[in-house]
Amino acid sequence: MGKPIDPEEIRNIRLIRSDSRAISFLYQQKLYKYDEQGEIHVIWEFANPVAVRPYIWLSESKVLLLDDAEILNDWKLLLLDVKTGEVNVLDTAVSAFAVSSEGILYGKKYYMGAWCEWELHFLNSRMDQVREPIRNSFWSIGQILCGTDGKIYILSDKSGVIDEKETEVF
């Protein structure tokens with residue numbers, strides 16, 4: 001990377017594919033890829049602030065990103081093609097996302113004046129809506145987890161702190 005690094009600043013380390021030795025990680029708001037040939041590349045530079053779970057690999061060449069937060073719109077959900085550099089905005093005002101065996105799930109936040117409402121959206125691998133979003137004014141979607149039991153778990157987000165005690169199951 002050209003300079004000494006602080007190992008404590010490295011976070012979100014992930015395998016790109018389960019059958020490879022290529023990994024990715026965040027360091028100083030940049031997403032790096034360390035490949036099987038021992039080369040390191042900057043894949044993406046995140047705006048400030050960075051989401052808790054800012055990226056998930058869909059394949060060796062495609063990665064979902066939460067970035068480009070706006071004051072009242074939370075993050076944009078982006079699809080980056082690493083090989084071509086093409087970036088598609090899938091949606092805005094996204095608070096969290098997850099990938100399951102059936103597709104992509106994400107929470108969308110709506111500011112309603114004095115309160116907020118959230119929707120849970122469902123996309124298939126072609127990025128098409130596969131069912132109607134579920135909207136609720138009592139949710140606060142901080143994280144979405146896909147359980148091995150096939151259920152979707154939503155962790156609340158209150159004032160930027162994820163409250164794992166307030167788990168909702170769907």
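Mentor: Before we start, a definition: contact means heavy atoms within 4.5 Å. Also keep in mind that this is a predicted model.

Trainee: OK. Leaving aside neighbours within four places in sequence, which residues is D91 in contact with?

Mentor: With that exclusion, D91 touches W75, K76, L77, Y106 and K108.

Trainee: Where does D91 sit?

Mentor: D91 belongs to strand 8, which covers residues 87–100.

Trainee: Buried or exposed?

Mentor: D91 has 15% relative accessibility, so it counts as buried. The cut-off for buried is under 20%.

Trainee: How many bridges join strand 6 to strand 7?

Mentor: There are 7 bridges between strand 6 (residues 62–70) and strand 7 (residues 74–81), and the two run antiparallel. As one example, E70 has D74 in strand 7 as its bridge partner.

Trainee: What about the sheet of 4 strands?

Mentor: That open sheet has the order 1-2-3-4, again with antiparallel pairing. Strand 1 (11–15) and strand 4 (40–45) are its edge strands, pairing on one side only. Its twist averages 20 degrees from one strand to the next.

Trainee: How many bridges are there between strand 3 and strand 4?

Mentor: Strand 3 (residues 30–34) pairs with strand 4 over 5 bridges, in the antiparallel sense. Within that pairing, K33 stands opposite H41 in strand 4.

Trainee: Changing topic: how many aromatic pairs does a search of the whole structure find?

Mentor: The search finds 1 aromatic pair. The rings belong to F25 and Y32, and they are stacked, at 5.4 Å centre to centre with 15 degrees between the planes.

Trainee: Are F25 and Y32 buried or exposed?

Mentor: Both F25 and Y32 are buried.

Trainee: Last one. Which rings have the charged end of an arginine over them?

Mentor: The ring of Y55 has the charged end of R14 over it, 4.8 Å from the ring centre. For the ring of F122, it is the charged end of R131, 4.1 Å from the centre.

Note on methods. Residues are numbered from 1 along each chain as its sequence is written. This is a predicted model: local features need pLDDT of at least 70, side-chain atom pairs count only at pLDDT 80 or more; totals for chains, interfaces and linings use all residues. Side-chain values use heavy atoms; hydrogens and water are left out. Rings of Phe, Tyr and Trp (its six-membered ring) pair if their centres lie within 6.5 Å; planes under 30 degrees apart count as stacked, over 60 as edge-to-face and the rest as tilted. Buried means under 20% relative accessible area, exposed over 50%, partly exposed in between (1.4 Å probe, protein chains only). A charge sits over a ring if NZ of Lys or CZ of Arg is within 6 Å of the ring centre and within 35 degrees of the ring normal. Two strands pair if DSSP finds at least two bridges between them. Axes are lines fitted to C-alpha atoms, for helices over the stretch in contact, and angles run from 0 to 180 degrees between N-to-C directions.
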